[in-house]
Amino acid sequence: MDRKTILMDYIKNEIMRNRNARLAEDEDLLGTGILDSLAILQMVAFIDEQFGIEVPDQDVVYENFNSVQALTEYLKQYPG
Amino acid sequence: MRYLLSHAVSEWAERTPDNLAIRFSGQSLTYQELELKSNSLAHTLLENGLQRGDRVGIFMNKGVESAIAIYGILKAGGAYVPLDPFAPASRVAFVIRDCGIQQLISKDAKLGALKDVLAEGTGLKIILGVSHDEELGLPTIQWEEIYRFPTNPLHLNLTEQDLAYILYTSGSTGVPKGIMHTHRSGLSFAEWAAATYNLTNQDRLSNHAPLHFDLSTLDFFAGAIAGACTVVIPEALTKFPANLARLIQDERITVWYSVPFALIQLMQRGNLAAHDLSSLRWILFAGEVFPTKHLRALMQMFPNVRFSNLYGPTETNVCTYYHVDELPEDTDETIPIGKACENIEDLVVDLDDKPVSFGEVGELLIRGGVVMKGYWGQAEKTAAGFFRRLQFDYFEDVFYRTGDLVQLDEQGYYRYLGRKDRQIKTRGYRVELDEIEVALLSHAGVDEAAVYPIPDGNGSNLIEAAIIAKEGLNLEEADLVEHIGKRLPSYAIPVRIEILITFPRTSTGKINRRELQALAVARSESQP
C-alpha cells in the first residue's frame with residue numbers, strides 16, 4: 001500500500017473512528033475539525049512507527065498537515 | 001459614557017478610524033470598518049424581528065466576521081451565544097433549543113455542518129451569512145446583502161444590565177449550562193484587564209481561545225477598550241506550535257493570552273529559537289494550573305516578558321490575579337492564584353458558610369461587577385450558586401460560590417487547592433484529587449498528570465491516574481508510585497497509573513479528565 005492509502009486508512013479508522021467515513025485526499029483536515037491537537041501528535045507518532053520518519057517539530061505545521069495530499073507531498077523528501 | 005460593550009468600538013471608530021481593530025490570516029478590519037459593518041448587521045437583525053434580550057447564535061470557524069457578529073448582535077440589543085463550530089451536531093442543537101435561538105450567524109463553509117445541526121431540530125427561523133440553499137429549509141441572508149443594510153448607528157434604549165452574552169460550559173452532570181453575562185459584568189472585567197495590563201492602542205493582542213471560552217472576552221473587549229488590534233488566530237493554527245511562533249513574530253503580538261497547555265506546546269515544539277518574538281511584553285494565562293517547572297522554563301526563555309496568572313470560573317470572568325515575578329529554584333510548588341482584582345470582594349468560608357480564620361482552607365466566594373447574572377433557564381441552579389449575606393438587616397450582598405478551595409499564604413496570596421467536588425472518599429478517607437496530580441507532577445519525568453475516581457460499586461472510589469512522560473524518557477509505573485509514596489498517604493496512591501503519549505482534551509484545551517475516567521471505567525468493566 002502506498003503512503004497515501006495508509007494515511008487515509010489511519011485517519012478513518014483511528015481518528016474519525018469510522019471505516020466508511022467519506023474522506024477526500026484534499027479534504028481540509030483542520031477546518032473541518034477532523035484533526036485536533038491530540039490527533040496531530042498521534043499522526044506524528046504513527047508516521048514514525050509506520051514509515052520510520054521522524055517529522056521534526058519545525059515541520060509539524062499547518063501547511064504540511066492540512067490534507068492527506070499535503071502530508072504525502074511533504075513526506076516525499078523521505079525515500080520510502 | 002461607556003456602558004455597553006460595543007461603545008468601545010464606536011469610540012475608537014471616531015478617534016482612530018483607520019487603526020486596525022481586527023486581524024485574521026492576512027485580512028484586517030479597521031475600527032471604522034468594524035463599526036459600520038456591525039451597524040449593518042445590527043440593522044439586519046432588527047429588520048428580521050430581533051427583540052431586546054433575544055439570543056443570537058454564532059456558528060462558524062473564526063474570521064473577521066466573528067468580531068462583526070459579536071458587535072452587531074450587541075448593538076441590536078441581543079445577546080450573542082457562541083457555538084463550538086466543531087461540537088457534535090446534537091450538542092449544538094441542544095444549545096440552540098435551550099436558550100431559544102431564532103437567528104443564527106454563520107458562513108458558507110459551515111453549510112454541511114449546519115444541515116446536520118438542523119436535522120437535530122432547532123427552532124431556528126433564519127440563518128444569516130450563508131447563501132441560499134434549498135436543503136436548509138430556512139430563509140438566509142448572505143454577508144454581501146447584510147453589508148448593504150444601513151450603516152448608521154442605532155439608538156436603542158439599552159442599559160448596562162442588559163444581557164450581552166451566554167457561554168455554555170459542560171456542567172458536572174454533563175448537561176451544558178448557559179452562563180449569562182451582562183454588558184456590566186463583561187465591562188467590569190474588560191476594563192480591569194485593560195487597566196491592569198496597561199493596554200494601549202499600540203498593542204496587538206492574540207485571540208487564541210475559541211469564542212465559546214471566556215478567555216476570548218479579554219481578547220476582544222479589553223482590546224477594544226484600549227483601541228488595540230486583536231489578532232484572531234485561525235483554529236487550525238492553534239494546533240501547530242511552529243505556526244503559532246511564526247504568527248507571534250509576523251503579527252508582532254505584544255500581549256498573549258491562552259491556557260498553559262498552548263504555551264507549553266509552544267515552548268517545547270515551537271522552534272522558538274528560530275523566531276524573533278521580541279514584540280511580546282505580557283504573557284497571560286488562565287484556565288488551568290500552570291505546572292511550575294514548565295512555567296520556569298518558559299520564563300527563562302522570555303526574560304523581558306512579564307507573566308500573569310489569571311483565575312476565575314466563567315461565572316465571574318476573572319476574579320484573582322498574580323503577577324509572576326520570580327520563581328524559586330528549589331521548589332515546584334504551584335504558583336498562587338494571587339489576590340482579588342480591584343473592585344471585587346473575596347470571602348473564604350467553611351462548610352457552614354462561616355468565614356474561616358486567616359490561613360485556613362475554605363471555599364472562595366466572589367462579589368462584584370464581574371459576577372454573572374445566572375444560569376439560563378435554571379432558577380434553582382442559579383439560586384444555589386449564590387450566597388447572600390445580610391447587611392444592616394435590609395441590604396443583601398450577593399456572592400458567587402466558586403466551588404474552589406483556597407488558602408491564603410503568608411504573603412496574602414490565595415493558593416488554589418482544588419475543586420470542592422474534586423474531594424472524594426476512598427476507603428473511608430477524604431482525598432484531594434488535585435493534590436495527587438501535584439505529587440505526580442513533582443516527578444522530574446512527568447510532563448502532565450490527570451487523576452480521576454473510579455466508582456467501585458460499593459459507594460466508594462478507587463483512584464486511577466494517567467501521566468504523560470517527558471519525551472524520550474522510559475518511565476515505569478513503579479517509579480511513580482515510589483515517588484508519590486514519599487509525599488502522600490498510602491490510601492491516596494492511585495491503584496493504576498497509565499503512561500500515555502497524549503491526553504484527550506476539551507474544546508477549550510483543558511485535560512479531559514471525564515473522558516480519561518470513562519475510558520478507565522470501560523476498561524475495568526471489560527476486564528472484571
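Hi everyone, let's start in chain B, where the side chains of Arg296(B) and Glu329(B) form a salt bridge, 3.9 Å from N to O (that is, a side-chain nitrogen of Lys or Arg within 4 Å of a carboxyl oxygen of Asp or Glu). This pair links distant parts of the chain, 33 residues apart: Arg296(B) sits in helix α12 (residues 292-301), and Glu329(B) in the loop between β15 (320-324) and β16 (339-340). Helices (H or I, at least four residues) and strands (E, at least two) are DSSP runs, numbered from the N terminus.

A word on the basis: this is a predicted model, where local features need pLDDT of at least 70 and side-chain atom pairs count only at pLDDT 80 or more, while totals for chains, interfaces and linings use all residues. Residues are numbered from 1 along each chain as its sequence is written, chains are lettered from A and ligands numbered from 1 in the order in which they are written, and side-chain values use heavy atoms, with hydrogens and water left out.

So, are the two partners buried or exposed? Arg296(B) is buried at 12% relative accessibility, whereas Glu329(B) is exposed at 59%. Buried means under 20% relative accessible area, exposed over 50%, and partly exposed in between, with a 1.4 Å probe and protein chains only.

Next, Glu437(B) and Arg422(B) form a salt bridge with N and O 2.8 Å apart. Glu437(B) lies in helix α14 (residues 433-441) and Arg422(B) in the loop between β22 (414-419) and β23 (423-426), so the pair ties together parts 15 residues apart in sequence. Glu437(B) is buried at 7%, and Arg422(B) is buried at 13%.

Over all chains, the structure holds 39 salt bridges. Thanks, everyone!
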